[in-house]
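I opened this model to look up its charged side-chain pairs and one of its helices. My notes follow in the order I made them.

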Amino acid sequence: MTGSLFTLTFAVAAPFWALMILLPRWSWTARVVGSPLIVLPVVVIYAVLVLPALGTVLPAVVSPTLDSVRDLLGTDRGAAAAWAHMIGFDLFAGRWAWLDSRERGIPALVTSPVLVLTILLGPIGLGTYLVLRSRWPRPVTVPVAAAQRLG
């Protein structure tokens, strides 16, 4: 079962990545990716892997040592749980970057490679996006009440 959950983890996340990278301007992409619930399938897989082993996992994460984390991740269940953890957080970070890039007007040709980098090397992709986004400031919005007074 652990091997199947490992394989399923990326399979349930991949469609959302495909929407953000390959179909960034499609109206359904904004509707689907707009929901933070896109990470829920991965969260469920993570919970199925971690909750039965909570007695082993909790001590290793509450008071981590290199040895305890290595021992935890050195099992099939631990590696599959770590994979789900990474996939879930990478997807959430990629979702945030995609939404933020739409708001800032960052071209999809700039954002898409960064999202691929986020899939492959999560924190490096996120860091790259954080550097790139500084070149596209957030549009200034006028509050509704102020706009009505001006109009």
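Predicted model: local features only at pLDDT ≥ 70, side-chain atom pairs only at ≥ 80, totals over all residues.

**Entry 1: D100 and R104.** I looked up the salt bridges and found a count of six. I began with D100 and R104, whose side chains meet in a salt bridge with N to O at 2.8 Å. Both residues belong to helix 6, which covers residues 76–104. They sit four residues apart, about one turn of the helix. I wrote down the general point beside this: an α-helix has 3.6 residues a turn, so residues three or four places apart point the same way. I then checked burial, and both D100 and R104 are buried.

**Entry 2: D100 and R133.** D100 has a salt bridge with R133 as well, at 2.9 Å from N to O. This pair links distant parts of the chain, with R133 in helix 7 (residues 108–133) and D100 in helix 6, 33 residues apart. Are these two buried or exposed? R133 has 18% relative accessibility and counts as buried, because the cut-off is under 20%. D100 is at 4%, so D100 counts as buried too.

**Entry 3: D100 and R138.** I looked up a further partner of D100 and found R138, with the closest N and O atoms 3.3 Å apart. R138 is in the loop between helix 7 and helix 8 (144–150), while D100 is in helix 6, so the pair ties together parts 38 residues apart in sequence. R138 is at 45% relative accessibility and therefore counts as partly exposed. Shared partners join the salt bridges of D100, E103, R104, R133 and R138 into one network.

**Entry 4: helix 1.** I turned to helix 1, residues 2–22, and looked up its length. Its 21 residues reach 30 Å from the first C-alpha to the last, close to the 30 Å expected at 1.5 Å a residue. Where does helix 1 have a kink? I found the kink at A14, shortly before the proline P15, and the angle is about 35 degrees.

**Entry 5: packing of helix 1.** I listed the buried residues of helix 1, among them L5, A13, F16, W17 and M20. What do the buried residues of helix 1 pack against? I found helix 2 (27–33), helix 3 (40–50), helix 6 and helix 7. Helix 6 is also where D100 and R104 lie.

Note on methods
Residues numbered from 1 in each chain as written. Heavy atoms only, no water. Salt bridge = Lys/Arg side-chain N within 4 Å of Asp/Glu carboxyl O. Helix = DSSP H or I, 4+ residues; strand = E, 2+ residues; numbered from the N terminus. Buried < 20%, exposed > 50% of the residue type's maximum accessible area, 1.4 Å probe, protein only. Expected span 1.5 Å × (residues − 1). Bend = angle between axes of the 7 residues up to and from the residue. Contact = heavy atoms within 4.5 Å.
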